[in-house]
Amino acid sequence: MIPKTFKEVIDLGDGREISIETGKLAKQAHGSVVVQSGKCMLLCTVVSNYKQSDVDFLPLTVDYREKFAAAGRYPGGFFKREARPSDGEVLTMRLVDRVLRPLFPKDYHAETQVMIQLMSHDDDVMPDAMAGLAASAAIQLSDFPFECAISEVRVGRINGEFIINPSRTQLAESDIDMVIGASADSVMMVEGEMDEISEEEMTEAIKAAHEAIKVQCAAQIRLAEAFGKKEVREYDAEREDKDLEKKIYDMAYDKVYSIAQAGSAKHERSAAFSEIKEEIKSNFSDEELEDFGALVSKYYYKAEKAAVRDLTLNEGLRLDGRKTTEIRPIWCETDYLPSVHGSSIFTRGETQALATVTLGTSREANQIDMPSFEGEETFYLHYNFPPFSTGEARPIRGTSRREVGHGNLAQRALKGMVPADCPYTVRVVSEILESNGSSSMATVCAGTMAMMDAGVQLKKPVSGIAMGLISDGESGKYAVLSDILGDEDHLGDMDFKVTGTADGITACQMDIKVKGLSYEILVNALKQAREGRLHILEKITNTIATPREDVKEYAPKMVSVRIPNEYIGALIGPGGKVIQELQKETGTTIVINEDPVTEEGVVEILGTGQEGINAVLAKIDSITFKPVVGNSYEVKVIKMLDFGAVVEYLEAPGNEVLLHVSELAWERTENVSDVVNMGDVFEVKYFGVDSRTRKEKVSRKALLEKPEGYKERAPRPDNKDRGSRDNRGRDNRNRDRKRD
């Protein structure tokens, strides 16, 4: 029996549509949809346990996977099976998670799983732009307690016109690549990269995306109504005690306010707050704490949050004593590590990043192998966040999703400033050594300086800043905080990171926690962020104003040359013999790639010594040397023969040609040594391939003046005439023998 299906269609314009369908697949899940655009199909399923977990948070897992079969491909590797998620998949998971998580009730702690799978791929559709829509649509069909429908779209801009969910080809022409997540009422998440755009242009892009999201949210609601919206499930809510909450508030608020007002360092402040909490707990017996100790902690943190927020709104002061626009003290240093190709330290307050740069050939490019995209990155950045950076001891179990996300943000901030003609593959690694607010932005600053220290010719330096927002919806008061602390990130209404040059924004990441944030506040916050960025940029350029003119002495120098494809085989040699010996002799690394567009070979030569690089270039010149008919070339005698001299082109050592005895001089030459000797250097004229001998012909005498009275010798008969005479003579001799 064919199941009954329900479907909604969303018009994207330009003849493009997105359909949301349910009722056919994965019906045992609590909600499932298939979202399709073109040939691209995503299956999303959601399941949430009916029993609350014994934790004080929502154990939500968002999983996004791309199946290689969706693109008609096999997975790489030995086992030919999809394994751990790629960085691209992890980044999509984060985009969806950041919008969904705040919309579940704070006291809902049931284990919840959202699984999104790419089942069919279309080269003209980027699937990650539809993942948020798929997740929300599936949740709308479930009985989960969830605040409202949301969606996510990608927005690009080509020639001043905004495009919703552009193709990858269109994105290559766009000066904006942003993913926006929102409900019908409020923007909740923004992430992307831009080509030095203004704050107003960024806001206009968000508005354009939000209008498209409103349409997608309405389609989800219609689908849920047609399918039959389920009643929201009942669950065991967290215990509440209003009297206890007020009691703890009265005990904690003034004390917290006083400590926050004094301004102090992270550990000193944390210790003082912990003392207040312990003092409050001492007012209760062990039996009471066993009964409602969790509530005491919960209400204390609520009072602490209120006191710190009120301090900022009422007095414009912050936890460490700064004003709202004030940036923490900054110190920077470059060339710190003696053996690396480039290094820098960026320290702002209690956040510190140590960045290193490594330069390599195209062989070191980062290979991206996903069903939805294959390619490589010649600039990439890795971010590491060890536990000691926050004074913690915990096990390290691989790269976390957070590290992938923060590294990607810094990479997007910087990559537009790496010149397209940079000959190197550039790898930046950021080690976070201290963290108290915005280590990803410290990574951007440290990465900028490290690349300039390495001699990477950045177009412009880039800085980054993390901003916060505290607002009071009732009174309309708000405060934008520049360069936020870790604590301010947790207690604020918006956490947004902005990177850019002196001329505009290059990347951003925003998580907006307050509903109905006005665009006026957003623009003001972005403008304040610009002032902070420029302040930090000044500190960076005071440390290193421009990139070094060249790479360091011990860093590899890179030279790229192009050769016709026909010479690639000669440079490699049989079994790689020529190139291997050349690398060994010169101490260089040689990489050869074919350019399918120009049908040329691109030869990359990497070496620390210029002599070795020059030797490789000379060998390439020798292999690819092709003399031009009619031109003169300087040659050197390298071998003497009875019938001429073997000469070598000085501009292409190793390229030899025979200078026949008849081309040495206008006078008759009996002995070659009468005219030239070993090691002699002179010029010859190139005549191309001789039609009679089928060999290349050069002449010394062609460049000499003819002697007075010189007479040309009669030309020798060609082979055809000589052959005819020989045959006639042979016939006559045979006839005479017969007579005898």
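1. Start with Tyr235. Its relative accessibility is 23%, so Tyr235 counts as partly exposed. Tyr108 is buried, at a relative accessible area of 1%. Before going on, note that this is a predicted model: local features need pLDDT of at least 70, side-chain atom pairs count only at pLDDT 80 or more, and totals for chains, interfaces and linings use all residues. Residues are numbered from 1 along each chain as its sequence is written, and side-chain values use heavy atoms, with hydrogens and water left out.

2. How many aromatic pairs does the structure hold? There are 13. Rings of Phe, Tyr and Trp (its six-membered ring) pair if their centres lie within 6.5 Å; planes under 30 degrees apart are stacked, over 60 edge-to-face, and the rest tilted. Tyr108 and Tyr235 make an edge-to-face pair, with 5.1 Å centre to centre and 75° between the planes. Tyr108 is in the loop between α1 (87–100) and β6 (110–120), and Tyr235 is in the loop between α4 (199–227) and α5 (242–262), so their pair ties together parts 127 residues apart in sequence. Helices (H or I, at least four residues) and strands (E, at least two) are DSSP runs, numbered from the N terminus. Ring pairs also link Phe104, Tyr108, Phe146 and Tyr235 into a cluster.

3. Now a pair later in the chain. Phe625 and Tyr633 are edge-to-face, with 5.7 Å between centres and 90° between planes. Phe625 is buried, at 13% relative accessible area. Tyr633 is buried too, at 7%.

4. Two lysines deserve a look. A charge sits over a ring if NZ of Lys or CZ of Arg is within 6 Å of the ring centre and within 35 degrees of the ring normal. Lys207 lies over the face of Tyr519, 5.1 Å from the ring centre. The charged end of Lys697 is over the ring of Phe687, at 5.4 Å from its centre.

5. Next, the nonpolar cores. In soluble globular proteins, nonpolar side chains tend to be buried together. A nonpolar core is a set of buried Ala, Val, Leu, Ile, Met, Phe, Trp, Tyr and Cys residues joined through side-chain atoms within 4.5 Å. The largest has 156 residues, and those with the most contacts inside it are Val33, Leu100, Met178, Met202, Val426, Met451 and Phe496. A second, separate core has 18 residues, including Tyr633, Val635, Leu659 and Val684.

6. What does Leu100 touch, apart from residues up to four places away in sequence? Its partners are Leu60, Val62, Val114, Ala135, Ile139, Phe146 and Ile150. Contact means heavy atoms within 4.5 Å. Ala135 and Ile139 are among the buried residues of α2. That helix, residues 131–140, is mostly covered: 10 of its 10 residues are buried.

7. Ser471 is in strand β18 (residues 463–471). Ser471 is buried, with a relative accessible area of 17%. Beyond neighbours within four places in sequence, Ser471 contacts Arg309, Leu313, Lys477, Tyr478, Asp493 and Val514.

8. Check two backbone angles. Most residues other than glycine have a negative phi. Asp335 is not a glycine, yet its phi is positive, about 55°. Asp335 lies in the loop between β11 (330–334) and β12 (342–348) and is partly exposed, at 37% relative accessible area. Ser438 also has a positive phi, near 60°. Ser438 is in the loop between β17 (425–434) and α9 (439–454) and is buried, at 11% relative accessibility.

9. Is Gly391 buried or exposed? Gly391 is exposed, with a relative accessible area of 66%. Its loop runs between β16 (379–384) and α8 (401–415). Gly391 and Glu434 are 43 residues apart in sequence and 8.4 Å apart in space, C-alpha to C-alpha.

10. Finally, the whole chain. Its secondary structure comes to 15 helices and 29 strands. The C-alpha trace spans about 145 × 70 × 45 Å along its principal axes. Buried residues make up 51% of the 740 residues. Among contacts between residues at least 6 apart in sequence, 69% join residues at least 24 apart.

Methods
Buried < 20%, exposed > 50% of the residue type's maximum accessible area, 1.4 Å probe, protein only.
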